[in-house]
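Subject: The structure we talked about

Hello,

Here is the structure I promised to pass on to you. Have a look around first, and then read my notes below.

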Amino acid sequence: MRAVVSAAYSEKEEWSGPLLDKIILAKGQAILTFTHIEKGMTIKIKEGSKEGLYGFAVQENAANTPIWDRKLWETNDFTPVEAQLSDDKKSVIISVKGLKPPLRFFYANGAIPRGNLYNSAELPAATFISDPVNE
């Protein structure tokens, strides 16, 4: 609805939560950048949940496993990883030291998606599964 109102009245109100834009691998880190971050991203901590950014996972050696391959989901061939917001709140940084590329990144996937990344307009980041990324 926000998108329709914004378009109809030429308002510049944010209509989407963060959407994955690109992933850069460098020096043992993955830097994930997003569109629709408005003034930056934030972490929402709900009562009873753990603190910090959560919901990210990585699959190693991802080149030979397409996302539609049932084995990927049956074997849970992805590892939850710690993620943090960059100092400027415009990207997410994940340590990937020791992981074998190509890497595929996941956010808030599953039957009940769990994640706490939002933009400054308080809209949640969209779930995603990335294409494999090489260094």
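Let me begin with a term you will need: rings of Phe, Tyr and Trp count as a pair if their centres lie within 6.5 Å, and for Trp the six-membered ring is used. Please keep in mind as you read that this is a predicted model.

With that in hand, look for Phe34, Phe56, Tyr107 and Phe128, which form one aromatic cluster. The structure holds five aromatic pairs. How are the rings of phenylalanine 56 and tyrosine 107 arranged? Their centres are 4.6 Å apart and their planes meet at 40 degrees, so this pair is tilted. Phenylalanine 56 belongs to strand S4 and tyrosine 107 to strand S8, so the pair links distant parts of the chain, 51 residues apart. Are these two residues buried or exposed? Buried means under 20% relative accessible area. Phenylalanine 56 has 3%, so it is buried, and tyrosine 107 has 2%, so it is buried as well.

In soluble globular proteins, nonpolar side chains tend to be buried together. The largest nonpolar core here has 24 residues, and Leu32, Phe56, Val92, Ile94, Phe105 and Leu117 touch the most other members. Strands S1, S2, S4, S6, S7 and S8 each give two or more residues to this core, and S2 gives the most, with three.

Four strands form an open sheet in the order S1-S2-S7-S6, with antiparallel pairing. S1 and S6 stand at the edges with a single partner strand each, so one side of each has no neighbour in the sheet. From one strand to the next, the twist averages 25 degrees. S6 and S7 pair over three bridges in the antiparallel sense, and alanine 83 stands opposite isoleucine 94 in S7.

Two more spots are worth a visit. The charged end of lysine 44 sits over the ring of tyrosine 118, 4.7 Å from the ring's centre. Serine 16 lies in the loop between helix H1 and S1, and its relative accessibility of 12% means that it counts as buried. Beyond its neighbours within four places in sequence, serine 16 is in contact with His36, Asn119 and Leu123.

Enjoy exploring!

Best wishes

Terms used: Residues numbered from 1 in each chain as written. Predicted model: local features only at pLDDT ≥ 70, side-chain atom pairs only at ≥ 80, totals over all residues. Heavy atoms only, no water. Core = buried A, V, L, I, M, F, W, Y, C linked by side-chain atoms within 4.5 Å. Buried < 20%, exposed > 50% of the residue type's maximum accessible area, 1.4 Å probe, protein only. Phe/Tyr/Trp six-rings, centres within 6.5 Å; stacked < 30°, edge-to-face > 60°. Lys NZ or Arg CZ within 6 Å of the ring centre and 35° of its normal. Contact = heavy atoms within 4.5 Å. Pairing = 2+ DSSP bridges. Axes fitted to C-alpha atoms, helices over the stretch in contact; angles between N-to-C directions.
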